[in-house]
Amino acid sequence: EKELLNYVEKNFRKNRYIIQEGIDSELVKGRIIDFRIFLVKNQTGQWEDVGIIARKGSKGSIVTNLSNGGRVDNVIKLMSASFKISEEQVLSTLEEMSIISIKAARVIDKYENLFRLGVDIAIDCQQHIYLLELNHRSPAYKNSFPKVAVTKINNSRLDYAKFLAGFPISIKKYSP
């Protein structure tokens, strides 16, 4: 531990870094898994969870990115098999992940005005939930989420703009 601290002080003094504790998320035969929750701001200006995917890294990789060989998997089946838990327990964990994601998004709102986020979450072998990253620049989703979620994500910019402009939530069509 002392050797590591000396190394960090010597080599990383000029810039600021965050050192993350390792997370044992290798749950599927040499492959790590994590989850991407997609949040958008709706026309009421509130964060809304529009979907979640499970990502499984390629064998031996430390990342799950699709661009680095990761693959999308069924969330419920993957969690049930990995943790040996019921579908009801999976749904409860997913709800907890959603709540954590929305809380994190609300904190980010204090510093920057965003309308969509891809929130990456890991779960370790003891089923502890870890917030890994919040992606706002170009959180990939088009080839990963169901069509209805992609449509909602694509419309999120306009929906949130309507909120910012003060448009009412439901606009009735004019009929003579």
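Colleague: What makes the pairing of Asp 120 with Arg 36 a salt bridge?

Modeller: In this predicted model, the closest N and O atoms of Asp 120 and Arg 36 are 2.5 Å apart, and the cut-off for a salt bridge between a side-chain nitrogen of Lys or Arg and a carboxyl oxygen of Asp or Glu is 4 Å, so the pair qualifies. The two partners come from distant parts of the chain, with Asp 120 in strand 5 and Arg 36 in strand 2, 84 residues apart.

Colleague: Why is the link between the side chains of Asp 120 and Arg 36 also called a polar contact?

Modeller: The polar contact between these side chains is 2.5 Å, and a pair of N or O atoms must lie within 3.5 Å, with one able to donate a hydrogen and the other to accept it, so the value meets the distance limit.

Colleague: How do you know whether Asp 120 and Arg 36 are buried or exposed?

Modeller: A residue counts as buried when its relative accessible area is under 20%. Asp 120 has 5% and Arg 36 has 7%, so both are buried.

Colleague: Which residues does Asp 120 touch, leaving aside its neighbours within four places in sequence?

Modeller: Asp 120 is in contact with several residues, including Phe 35, Arg 36, Arg 55 and Tyr 130. As for Phe 35, its bridge partner in strand 5 is Ile 121, and strand 2 and strand 5 are joined by 6 bridges and run antiparallel.

Colleague: What salt bridge does Arg 55 form?

Modeller: Arg 55 forms a salt bridge with Asp 34, and the closest N and O atoms are 3.0 Å apart. This pair too links distant parts of the chain, since Arg 55 is in strand 3 and Asp 34 is in strand 2, 21 residues apart. Arg 55, at 7% relative accessibility, counts as buried, and Asp 34, with a relative accessible area of 9%, is buried as well. Asp 34, Arg 36, Arg 55 and Asp 120 are linked in a network of salt bridges.

Colleague: What is the relation between strand 2 and strand 3?

Modeller: Strand 2 (residues 31-41) pairs with strand 3 (residues 47-56) in the antiparallel sense over 9 bridges. The two form a hairpin with 5 residues between them, and Gly 45 in the turn has a positive phi of about 80°. Lys 41 stands opposite Trp 47 in strand 3.

Colleague: How do you know whether Lys 41 and Asp 109 are buried, partly exposed or exposed?

Modeller: The side chains of Lys 41 and Asp 109 meet in a salt bridge of 2.9 Å, N to O, with Lys 41 in strand 2 and Asp 109 in helix 3 (residues 87-109), 68 residues apart. Lys 41 has a relative accessible area of 4%, so this residue is buried, whereas Asp 109 has 28%, which falls between the limits of 20% and 50%, and is therefore partly exposed.

Colleague: How many salt bridges does a search of the whole structure find?

Modeller: The search finds 6 salt bridges, in a protein chain with 4 helices and 6 strands.

Key
Residues are numbered from 1 along each chain as its sequence is written. This is a predicted model: local features need pLDDT of at least 70, side-chain atom pairs count only at pLDDT 80 or more; totals for chains, interfaces and linings use all residues. Side-chain values use heavy atoms; hydrogens and water are left out. Contact means heavy atoms within 4.5 Å. Buried means under 20% relative accessible area, exposed over 50%, partly exposed in between (1.4 Å probe, protein chains only). Two strands pair if DSSP finds at least two bridges between them.
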